[in-house]
Amino acid sequence: MSRRFMTLLERISRVREMIEREQRSNAASPVRLIRMKQLYLSLSEKLRGLTKQQLIRMASAPRFRSERIFHSAHSAPAYPGRW
């Protein structure tokens, strides 16, 4: 995983913890909660986009055949005559 991906995951988990703490608080601020939830959604969208890019890169990467498969499919036929 890339460093950027890991950083986004860490940030999302920290913001999620902050939201949960704020919700459990006796003096929870609705404005603070809204801002944190907006930040959480923004980070989640970035993570989704990064994941989508990675999947596209993986799907469009060239694929190479295994050497064993290549040789067995393209090997010369055995000599049918006598030696």
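Buried residues make up 16% of the 83 residues in the protein. Here buried means under 20% relative accessible area, exposed means over 50%, and partly exposed lies in between, with a 1.4 Å probe and protein chains only. The model is predicted: local features need pLDDT of at least 70, side-chain atom pairs count only at pLDDT 80 or more, and totals for chains, interfaces and linings use all residues. Residues are numbered from 1 along each chain as its sequence is written, and side-chain values use heavy atoms, with hydrogens and water left out.

**Whole chain**

Start with the cartoon view. The protein has 3 helices and 0 strands. From the N terminus, the order is α-α-α. These elements are DSSP runs, numbered from the N terminus: helices are H or I with at least four residues, strands are E with at least two.

The accessible area is about 7700 Å², and carbon and sulfur atoms hold 57% of it. The areas come from the Shrake-Rupley method with a 1.4 Å probe; for residues, only the protein chains shown count as cover.

Now consider contacts, meaning heavy atoms within 4.5 Å. Take those between residues at least 6 apart in sequence: 56% of them join residues at least 24 apart.

**Helix 2**

Select residues 30-60. This is helix 2, with 31 residues. From first C-alpha to last, helix 2 reaches 45 Å, close to the 45 Å expected at 1.5 Å a residue. The expected span is 1.5 Å times one less than the number of residues.

Which residues of helix 2 are buried? Pick out Leu33, Met36, Leu43, Ser44, Leu47 and Leu50. What covers them includes helix 1, residues 3-24.

An α-helix has 3.6 residues a turn, so residues three or four places apart point the same way.

**The nonpolar core**

Next, show side chains for Phe5, Leu8, Ile12, Val15, Ile19, Leu33, Met36, Leu43, Leu47 and Leu50. These 10 residues make up the largest nonpolar core. Helix 1 and helix 2 each supply at least two residues of this core. Such a core is a set of buried Ala, Val, Leu, Ile, Met, Phe, Trp, Tyr and Cys residues joined through side-chain atoms within 4.5 Å.

**Met36**

Centre on Met36, in helix 2. Why does Met36 count as buried? Its relative accessible area is 9%. Leave out residues up to four places away in sequence, and Met36 touches Val15, Met18, Ile19 and Glu22.

**Leu33**

Move to Leu33, also a helix 2 residue. Leu33 is buried, with a relative accessible area of 14%. Beyond four places in sequence, Leu33 touches Ile19, Glu22 and Gln23. Leu33 and Gln23 are 10 residues apart in sequence, with 7.6 Å between their C-alpha atoms.

**Glu22**

Is Glu22 buried or exposed? Glu22 counts as buried because its relative accessibility is 9%. Setting aside neighbours within four places in sequence, Glu22 is in contact with Ala27, Ala28, Ser29, Arg32, Leu33 and Met36.

**Rings**

Finish with Arg16 and Tyr40. The charged end of Arg16 sits over the ring of Tyr40, 5.4 Å from the ring centre. The criterion is NZ of Lys or CZ of Arg within 6 Å of the ring centre and within 35 degrees of the ring normal.
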